[in-house]
Amino acid sequence: MISAEEPVLAHNYHPLPVVVARAEGAWVEDVDGHRYLDLLAGYSALNFGHRHPALIEAAHRQLDRLTLTSRAFHNDRLAEFARRLVELTGYDMMLPMNTGAEAVESGIKLARKWAYDVKGVPADQATIVVAADNFHGRTTTIVSFSTDETARAGFGPFTPGFRIVPYNDLAALEAAIDETTAAVLIEPIQGEAGVLIPDDGYLTGVRELTRRAGCLFIADEIQSGLGRTGHTLAVGHEGVVPDAVLLGKALGGGIVPVSAVVGRREVLEVLRPGEHGSTFGGNPLAAAVGTAVVELLETGEFQSRATELGVVLREGLAGLVGRGVVGFRARGLWAGVDVDPALGTGREISERLMREGVLVKDTHGSTIRIAPPLCVTEEELRSALAALGRVLS
Ligand SMILES: Cc1ncc(COP(=O)(O)O)c(C=O)c1O
């Protein structure tokens, strides 16, 4: 099956050599019946595990009734999804889209429109300040402000209007903001960069700087949000409230692509009919699954599991420091683990872990990312950490 893909599938990914055929909870099974613990969880799209029964039931019920209307008509599921999502996240309004990149694009358009209509920035002069080593998606505008040459090279010309500053550096951020600044757009934790967690106070500082400068603070919580770090939103660790938050991945429960911008009324209401949209955004199937996702998060159970099991993850990784692990960063059930390069690349470590029945994803050199479904048990997590210990010894 792997070689059958080769001639007919664009080579924009380099997957581990495992062909998954079915899955449940924290486990996937390949075509030969081998089982693996999934410690990637679809880059956090599977926060609730594979095929969570409540999500599957919501999808089935909706499939039997209505799947798509386009936004040319109303559907009877979207209002409830919107209301419950804004209540969960503490905002006024939401804009539904599908993929994470679309939520980011929507955030950029909202920020620019807000800058012209509300802040009074002269036409076409708006700037958005972003962080180095960001990952916000793959569209041409988004890669325009990436600092990853692999993501950019060959895809120019690029969209202007972005200023890049080092992450976790408030002085640099302050220096980059001026009267043209529409927004500061950052990830509260940089996932793809290796789960880089900023210093305590950084997010608070970003909030204060943006408030003082009269520009928006937009947090990309597409990977960090919806329970992963032990809070509904990762900005919750500092009690910070951005003007808008970008959500995706887990919002679709691992079933359908669902993303959204949630934010203050002043920001979201700058859009008028015809100025932005998406055929599939806010479709009834997505709204039904998204509502069921919000319902799971309303209980707080998954956030608590991430906090509690996060302690087990951190302790387990701390025990491996000096025994193959040279450093790690972790928050909730999310970790970036730097492996001793002498033991292999992140890819090689991931392949060895695969042979031990554990699936992870490498990033940049010898770093691997661990992001189990939040339904993983303590026993399963400990067994995965033991497997990591074995492949590093
Ligand atoms: C922080 C962040 N933003 C945006 C995206 C893009 O999401 P998508 O792949 O659904 O377009 C990702 C994907 O990994 C992400 O981690």
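Visitor: Which residues of α3 meet α11?

Guide: Two residues are in contact if their C-beta atoms, placed from the backbone, lie within 7 Å. On the α3 side, the residues are Ala-54, Leu-55, Ala-58, Ala-59, Arg-61, Gln-62 and Leu-63. They meet Pro-284, Leu-285, Ala-288, Val-289, Ala-292, Val-293 and Leu-296 in α11. By class, this contact has twelve nonpolar residues, one polar and one charged; Ala, Val, Leu, Ile, Met, Phe, Trp, Tyr, Cys and Pro count as nonpolar, Asp, Glu, Lys and Arg as charged, and the others, Gly among them, as polar.

Before going on: this is a predicted model, in which local features need pLDDT of at least 70 and side-chain atom pairs count only at pLDDT 80 or more, while totals for chains, interfaces and linings use all residues. Residues are numbered from 1 along each chain as its sequence is written.

Visitor: At what angle do the axes of α3 and α11 cross?

Guide: Helices (H or I, at least four residues) and strands (E, at least two) are DSSP runs, numbered from the N terminus. Axes are lines fitted to C-alpha atoms, for helices over the stretch in contact, with angles from 0 to 180 degrees between N-to-C directions. For helix α3 (residues 53–63) and α11, the axes come within 9 Å and cross at roughly 155°. The two helices are therefore roughly antiparallel; that word covers angles over 145 degrees, with under 35 roughly parallel, 65 to 115 roughly perpendicular and the rest oblique.

Visitor: Are α4 and α11 parallel or antiparallel to each other?

Guide: Helix α4 (residues 78–89) and helix α11 (residues 284–298) have axes that come within 9 Å and cross at roughly 30°. They are therefore roughly parallel. From α4, Leu-78, Glu-80, Phe-81, Arg-84, Leu-85 and Leu-88 take part. Their partners in α11 are Ala-287, Gly-290, Thr-291, Val-294, Leu-297 and Glu-298. Seven nonpolar, two polar and three charged residues make up this contact.

Visitor: Where do α13 and α14 meet?

Guide: Ile-349, Arg-352 and Leu-353 in α13 face Ala-387, Leu-388 and Val-391 in α14. Five of the contact residues are nonpolar, none is polar and one is charged. The axes of α13 (residues 346–355) and α14 (residues 378–392) come within 10 Å and cross at roughly 120°, so this pair is oblique.

Visitor: Which domains does the protein chain have?

Guide: The assignment, automatic or from a database, gives domain 1 (2–52 + 301–392) and domain 2 (53–298). Their C-alpha centres lie 26 Å apart. Domain 1 puts 28 residues into the contact and domain 2 puts in 25. On the side of domain 1 that touches domain 2, the elements giving two or more residues are α2 (41–44), α12 (301–318), β12 (335–339) and β15 (367–370). The most come from α12, with five residues. That side of domain 1 divides into eleven nonpolar, 13 polar and four charged residues.

Visitor: Which residues come nearest to the ligand?

Guide: A residue is near a molecule if its C-beta atom, placed from the backbone, lies within 6 Å of it. There are 15 residues around the ligand, and Gly-100, Ala-101, Gly-137, Ile-222 and Gln-223 come nearest. Helix α5 (residues 100–119) gives the most to this shell, with three residues. The shell has five nonpolar, seven polar and three charged residues.

Visitor: Where is the cis peptide bond?

Guide: Look between Gly-156 and Pro-157, where omega is about 0°. Pro-157 sits in the loop between α7 (149–152) and β6 (162–165).

Visitor: Which residue has a positive phi although it is not a glycine?

Guide: Tyr-43, with a phi of about 50°. Tyr-43 belongs to helix α2, one of the elements on the side of domain 1 that touches domain 2.
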